[in-house]
Amino acid sequence: MYITDYITGTVIQGLGNGRKFGFPTANVQPDKPVSLEKGAYAAWVRYEGKRHKGMLYVGTRPTLNLQELTYEIHVIDATPRLYGKQIAFKPVYKIAEEKRFRSRKELIYALKNYKFSAKKILSSNHSFHILARRYDVPEIMKIMEQAKRRMREQGIDQWQDGYPDEAAIWNDLKRHQGHVFRKFCLGSVYAAIVFDEDPYYEKIDGQWLSSGEPYMTVHRLAVQDIILGLDMARHVFKYAEKRARVTGVKWFRIDTHHDNIPMRNLIRNFGFTFCGIVQVRDGERLAYEKRVLQ
Ligand SMILES: Cc1cc2nc3c(=O)[nH]c(=O)nc-3n(C[C@H](O)[C@H](O)[C@H](O)COP(=O)(O)O)c2cc1C
């Protein structure tokens, strides 16, 4: 399952049982039909312009002998009054199947466990980093294939010509610039953190912020489907930025395809300045730079 956009809806009147359980939920009437399997999910929840950690339940509440399909949102660590309001949610990881619990006590116990998992899953600092090794190559290629397939499905003409291929990854390994970031055992992100000058960055239709000083670049950043939406790309940027600082490198450059909107948003939110257009192997890219050390 991967959902790229938030699902929007209106909070409607529920039966109010959740409050009694210590897990108040907002019952949502989605604006458009939703196709989601029944179950409990870690989910991002947006209301009043802010994003919160939450859980989504899709199901009929068999424990309470109810039959109607509902979409319920529990906001973690907040009890907002949302009745009648617009809400948006994005399920990012399925924690459990729907169950008929033997008692309410068991249901509450399960909800406490789900909450513990959801909090960890949605927290970006719970991940584990390694320098990519040769045994990691098959996993990295799987991640690459997923990223390429998503771009194709979204009509983004990036990485549609075979690149990044295995040779590119082996080259990263040889240069000790391939990195794998694992989100527990859920899934991984791959990225090359490169400190060499990039020949494609020599000419720019525009103006880099820096000139002649060393810079660091992130290339071949690819996220496994299953952990999309967990802010792992942002986590990689933060890690890369830290690496640059400890190495005494002041500048961080990056490029992306014009149609790669998720990447463009991430780059903008991360404080990069748009510098111009560069030509890479297979066409034009938007080029950005950020100062990471004074
Ligand atoms: C994350 C999450 C998972 C849930 N999983 C189940 C489940 O597996 N089986 C079930 O009967 N109810 C499940 N519930 C639903 C609770 O029964 C429900 O929140 C409660 O009945 C409150 O509903 P109400 O506020 O409409 O009264 C889940 C709720 C949440 C928030």
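## Helix H5 and the rest of the fold

Met-232, Ala-233, Val-236, Phe-237, Ala-240 and Ala-244 are the buried residues of helix H5. A residue is called buried when 20 or more other C-beta atoms lie within 10 Å of its own, exposed at 12 or fewer, and partly exposed in between, with C-beta atoms placed from the backbone.

The model is predicted, so local features need pLDDT of at least 70, side-chain atom pairs count only at pLDDT 80 or more, and totals for chains, interfaces and linings use all residues. Residue numbers start from 1 along each chain as its sequence is written.

H5 also passes a simple length check. Its 16 residues (232-247) should span 22 Å at 1.5 Å a residue, and the end C-alpha atoms sit 23 Å apart, which agrees. The expected span here is 1.5 Å times one less than the number of residues.

### The whole chain

Zooming out, the protein chain has 6 helices and 14 strands. These are DSSP runs numbered from the N terminus: helices are H or I with at least four residues, strands are E with at least two. Of the 294 residues in the protein chain, 32% are buried. The C-alpha atoms fill a box of roughly 65 × 40 × 35 Å along the principal axes.

### Around the ligand

What surrounds the ligand? The shell holds 23 residues, and the closest are Gly-14, Leu-15, Asn-17, Tyr-57 and Thr-63. A residue counts as near if its C-beta atom, placed from the backbone, lies within 6 Å of the molecule. Helix H1 (17-21), strand E4 (50-59), strand E5 (70-75) and helix H2 (104-122) each give two or more residues to that shell. By type, the shell divides into 10 nonpolar, 9 polar and 4 charged residues. Here Ala, Val, Leu, Ile, Met, Phe, Trp, Tyr, Cys and Pro count as nonpolar, Asp, Glu, Lys and Arg as charged, and the others, Gly among them, as polar.

### Strands and sheets

An open sheet of 8 strands runs in the order E7-E8-E9-E11-E12-E14-E13-E10, with mixed pairing. Strand E7 (128-131) and strand E10 (205-206) are the edges, each pairing on one side only. Two strands pair if DSSP finds at least two bridges between them.

| Pair | Bridges | Facing residues |
|---|---|---|
| E9 (187-194) and E11 (215-223) | 5 bridges | Val-189 and Val-223 |
| E1 (7-12) and E2 (26-30) | 4 bridges | Thr-10 and Gln-29 |
| E2 and E5 | 3 bridges | Val-28 and Tyr-71 |

Most residues other than glycine have a negative phi, and most peptide bonds are trans. A few spots here go the other way. Arg-220, in strand E11, has a positive phi of about 55° although it is not a glycine. Arg-220 is buried, with 22 other C-beta atoms within 10 Å. Asn-65 also has a positive phi, near 60°, but sits in the loop between E4 and E5. With 8 C-beta neighbours inside 10 Å, Asn-65 counts as exposed. Tyr-163 and Pro-164 are joined by a cis peptide bond, with omega about -5°. Pro-164 is in the loop between helix H3 (137-153) and helix H4 (166-174).

Ile-143 lies in H3 and is buried, with 22 other C-beta atoms within 10 Å. Its C-alpha atom is 5.0 Å from that of Gln-224, 81 residues away along the chain. Cys-185, in the loop between strand E8 (178-183) and E9, is exposed, with 7 other C-beta atoms within 10 Å. Cys-185 and Phe-128 are 57 residues apart in sequence and 9.6 Å apart in space, C-alpha to C-alpha.
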